[in-house]
Amino acid sequence: MQFNALHTWLPAVAEPLLIAGPCGAETHEQVMQTAALLAATGRVSLFRAGVWKPRTRPNAFEGKGEEALRWLQDVKRTHGLKITVEVANAQHTELALKYGVDVLWIGARTTVNPFSVQEIADALQGVNIPVMVKNPIHADLQLWIGAIERIYNTGIHNIAAIHRGFYPDSKSRYRNKPLWQLPIELRTLFPDLPIICDPSHISGNRELIPQVAQKALDLGMNGLMIESHVNPAEALSDAQQQLTPDQLNELVSKLIIRSSHTSNHELIDKLAELRKIIDELDDELMNVLKKRIQIIEQIGTYKKEHNITIFQLQRWQEILRTRGQWADKLGLSRQHVEKICQLLHEESIRVQNSLMNNG
Ligand code: PEP
Ligand code: MN
């Protein structure tokens, strides 16, 4: 897949590229007031608002549908802002096209379902409208890519991915865990696919949004989608995470825009020097890993000869405990060291299992 650069279909009126607007379009007044204040900041390149809201339980605010599309037309007419809405099926898509929506987005709950994504793709046959695809709710990169492919296969190459975080499988300070490694992997696989970060749905509360937004920019993401409501306290959905246009303006003005390249030769040389040391350290690490595996194999051979199980709970607990202590002593992150131990242990089990059971 080859994607068109973001600036060719969504030029940024300011840096960073900002998509903003309320979670949901609730009333004509709320939409117009929010849009007026956002337009006045001069920072917003695309106005967002959900007109069909996917809700976990029925009887919550499910959006105003077609009526709200007219309000968004008003935003476009009055403030010259481009508009985007979430579509989850063919009917949404047809209505959005009918009302002149500029960019469509596919929500996290829709990306998980290939039937729905294909239905949207089919409704877009022969239409050239940009589409932004949010990551699926769970951390399945292939499913995210699959949804992007379904849109791409209709001939649409104006596509962006939106990183909105992943349902937390354990307690987390985030509403949706960012798992930054996933968008990084997506970037590695498709370097020209624009990726926009949605810090609002990652954070789930106003306090975390600035740090998530800054990190997204520091990882080279191409823009931000942030929810903003004229009166967040009264919002009918996602009240905790919405910012007033003023708060949004202040937050964005404090973000630091860093460049991915430098032409400062002193800096380039210094980086090269330090990276050389990293190369040497990684080489050392590999050699240690190799030695470690050789010992693991010896242990496996003894276990096999003496009919002892591969997994030894006490030893594993001891490893976790002692390595945790060593990490503390060295000022390393315990979590990081624990993850590495898990990986080492997994590999040890794999190696010993193959030694014991595959001849
Ligand atoms: C939204 O953007 O308001 C929304 C419903 O997001 P998500 O699909 O990421 O949950
Ligand atoms: Mn929302």
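## Exposed or buried?

A residue counts as exposed when its relative accessible area is over 50%, and as buried when that value is under 20%. Keep these cut-offs in mind as you explore this predicted model. Is Lys98 buried or exposed? Its relative accessible area is 57%, so Lys98 is exposed. You can find Lys98 in helix α4, which covers residues 90–98. Although Lys98 and Leu69 are 29 residues apart in sequence, their C-alpha atoms are 9.3 Å apart in space.

Now try His163, in strand β6 (residues 159–163). Its relative accessible area is 0%, so His163 is buried. The side chain of His163 reaches the backbone oxygen of Pro178 at 2.7 Å. Leaving aside neighbours within four places in sequence, His163 also touches a list of other residues, including Asn135, Trp144, Trp180, Cys197 and Met221.

## The whole chain

Step back and look at the chain as a whole. It has 14 helices and 8 strands, and its C-alpha trace spans about 80 × 50 × 40 Å along the principal axes. Of the 359 residues in the chain, 45% are buried.

How do parts of the chain that are separated in sequence meet? Among contacts between residues at least 6 apart in sequence, 72% join residues at least 24 apart.

## Nonpolar cores

The largest nonpolar core has 69 residues. Phe47, Val85, Val133, Ile151, Ile159, Leu186 and Leu224 have the most contacts inside it. Which helix gives this core its largest share? That is α7 (residues 141–152), with 7 residues.

Take Leu186 as an example: beyond its neighbours within four places in sequence, Leu186 is in contact with Leu141, Trp144, Ile145, Ala161, Leu193 and Ile195. Another core, of 13 residues, lies apart from the largest one, and Trp9, Leu46, Trp105 and Met225 are among its members.

## The manganese site

Which residues hold the manganese ion (ligand 2)? The ion is coordinated by Cys23 through SG, His201 through NE2, Glu227 through OE and Asp238 through OD, at 2.1 to 2.4 Å. Along the sequence, these donor residues follow the spacing C-x177-H-x25-E-x10-D. His201 lies in helix α9 (residues 199–203), while Asp238 sits in the loop between β8 (223–227) and α11 (245–254), so this pair ties together parts that are 37 residues apart in sequence. Both His201 and Asp238 are buried.

## Around ligand 1

Polar side-chain atoms approach oxygen atoms of the ligand: one from Arg48 lies 2.7 Å from a ligand 1 oxygen, and one from Arg164 lies 2.6 Å from a ligand 1 oxygen. For Glu227, an N or O atom in the side chain is 3.2 Å from an oxygen atom of ligand 1.

## A helix to finish

Finally, find helix α13, residues 313–330. Its 18 residues reach 26 Å from the first C-alpha to the last, close to the 26 Å expected at 1.5 Å a residue. Which residues of α13 are buried? They are Trp316, Ile319, Thr322, Arg323, Gly324 and Ala327. Part of what covers these buried residues is α14 (334–357). Just after α13, Gly331 takes a positive phi of about 75°.

Terms used
Residues are numbered from 1 along each chain as its sequence is written. Chains are lettered from A and ligands numbered from 1 in the order in which they are written. This is a predicted model: local features need pLDDT of at least 70, side-chain atom pairs count only at pLDDT 80 or more; totals for chains, interfaces and linings use all residues. Side-chain values use heavy atoms; hydrogens and water are left out. Helices (H or I, at least four residues) and strands (E, at least two) are DSSP runs, numbered from the N terminus. The expected span of a helix is 1.5 Å times one less than its number of residues. Buried means under 20% relative accessible area, exposed over 50%, partly exposed in between (1.4 Å probe, protein chains only). Contact means heavy atoms within 4.5 Å. Donors are N, O and S atoms within 2.8 Å of the metal (3.2 Å for Na, K and Ca); water is not among the atoms, so sites may look incomplete. A nonpolar core is a set of buried Ala, Val, Leu, Ile, Met, Phe, Trp, Tyr and Cys residues joined through side-chain atoms within 4.5 Å. A polar contact is a pair of N or O atoms within 3.5 Å; within protein, one must be able to donate a hydrogen and the other to accept it, and residues adjacent in sequence count only if both atoms are side-chain atoms.
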